Amino acid sequence: MACMKAVIIGVLLSMATAERRFPDGFKFGTATSSYQIEGAWNVSDKGESIWDRFVHTRPEAVSDRSTGDVACDSYNRWREDVQLLEDLHVDYYRFSISWPRLLPTGFANRVSEDGARYYGDLIDALLEKGIEPVITLYHWDLPQTLQDLGGWTNPLITEWFTDYARVIFDLYGDRVKTWLTINEPVVVCDVGYTGYIAPGLESEGRGSYLCTKHILLAHAKAYRLYEAEYKPLYQGQVSLTNQMMWFVPETEEDAELTELVKIYTIDRYCHPMFSAAGGWPPALERLIAQQSAEEGEPRSRLPPFTQDEIDLVRGSYDFLALNHYTTRTVRRAGEGEVGTFLVDGFRELGVMPGNIPEWLTSTPHQPEVHPGGIRALLGYVKQQYGDVPIFIMENGLTDLGTAIDDQPRATYFRNYLDQVLLAIEEDGVNVRRYTVWSLLDNFEWVHGYQLHFGLHRVNFSSPQRTRTARRSARYYAAVARTKDLDAQYHFENIADEL
Ligand code: GAL
């Protein structure tokens, strides 16, 4: 019987391995961010970040009233993380640097020796194992000192960020070749200024647009710095990564509105960088100018770019990176219905998201699972911006449980990867990398430790923060090792059923 099983599995494996293989050179990775995993929020000379301030002063904002004070304790347990990465066979590890850990004052006048050593050791250990370090400079933990001066709404932040980038390129540029300046400007600016996440300020449609402009300029200045001074030495690549949901109309009547939502959420950030003309998407510029005038504003709430700024930002990329989780439906908001950006609507556009019942999950925060959405999104990006190399820098499924046997997550990866492969093979989209969010269960922002995204479960009640590989980790390790979408998946399912 056992022998029979082995034969059946062998046959199915060989059938499965036939075609669903990613191209040579395609890379697989996984990701985390500093505040979500490191802990050690006040060790050594580390400065306070806006997330430290937010969770300590507004505990009710986090659903389980938890903090990232200890999180996965990766500041102390990073060697274990490197081991997990090796076991996953991933090509690269995307992690972020905590700005206030490296620059305790927020400014480049003083570099923390402990901070610099921490990230340097991690980079070296990854390289020793043949894993490429991919670094995000900013994944939401702004130094509180800079927030006190207006944070991303202050135009001077473009200089503070460039100074910070220079410190990092000087320290690690010889060893790190792939850089993301900023994680998800759309969340930093649009959600950050709804009051929902740090810094907890409410200035939607005003502060959020100042932030949008300055974050694009900060990115572009850091990009130009790298291009001029470090690229000739190290030949690395730089871009930013943004959150891109996919949107579909609830009814045919909502089709036009849906296009506007895409422009608002995707192109507001992409058009300035990736289009030939640069600057804001014209349709959006007109819309916000018109609405501002109707509201009696002396000028548009969307701050204009000068021609020099347009030229600075346009072309400031070596690849286009995106994070994608879910698809939402779009309908016009009813009388008195007001949505908060990405959380439950788009105030500026008078739009509310709706639901397609078959796609619904029971998990808050990631309401709909629709693998076809990633293929459609990739097609849209190609149609808008041409044959740019695309890196998927986050994709993952959350759940409320802590099961090791996380079959739905393995299935999610299999089905989303299938659509990515179709985008490459059928639609000719130039996708080069795929990244799972996340290596570990971690501090999931305002959802604390209640939502889990990890390929590895973390036991947050144990002082050791014990990590355990889930079924999805075994599946993903097989994909990363073989570049074959189906082998391990069929093996796992069939082996279970026999
Ligand atoms: C992204 C974010 C990550 C992670 C993920 C899952 O928006 O970059 O830090 O929280 O969502 O919710």
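Which residues in α8 are buried? The views below will take you there, starting with some ground rules. This is a predicted model, in which local features need pLDDT of at least 70, side-chain atom pairs count only at pLDDT 80 or more, and totals for chains, interfaces and linings use all residues. Residues are numbered from 1 along each chain as its sequence is written, and side-chain values use heavy atoms, with hydrogens and water left out.

**View 1. Helix α8 and its cover.** Helix α8 runs over residues 157-172 (helices are DSSP runs of H or I, at least four residues, and strands runs of E, at least two, numbered from the N terminus). Its buried residues are Ile157, Thr158, Trp160, Phe161, Thr162, Tyr164, Ala165, Val167, Ile168, Phe169 and Tyr172 (buried means under 20% relative accessible area, exposed over 50%, partly exposed in between, with a 1.4 Å probe and protein chains only). Among the elements that cover them are α6 (113-128), β3 (132-138) and α10 (207-234).

**View 2. Around the ligand.** Look for the 13 residues that surround the ligand, the closest being Gln36, His139, Asn183, Glu184 and Glu444 (a surrounding residue has a heavy atom within 4 Å). A ligand oxygen is 2.5 Å from a side-chain N or O atom of Glu444, and for His139 such a distance is 2.8 Å. The protein covers 96% of the 300 Å² of accessible area that the ligand has on its own (Shrake-Rupley method, 1.4 Å probe).

**View 3. Arg79 in helix α4.** Arg79 sits in α4, residues 74-88, and is exposed, with a relative accessible area of 58%. Arg79 and Leu122 are 43 residues apart in sequence, with their C-alpha atoms 7.8 Å apart in space.

How values were computed. A polar contact is a pair of N or O atoms within 3.5 Å; within protein, one must be able to donate a hydrogen and the other to accept it, and residues adjacent in sequence count only if both atoms are side-chain atoms. The expected span of a helix is 1.5 Å times one less than its number of residues. Contact means heavy atoms within 4.5 Å.
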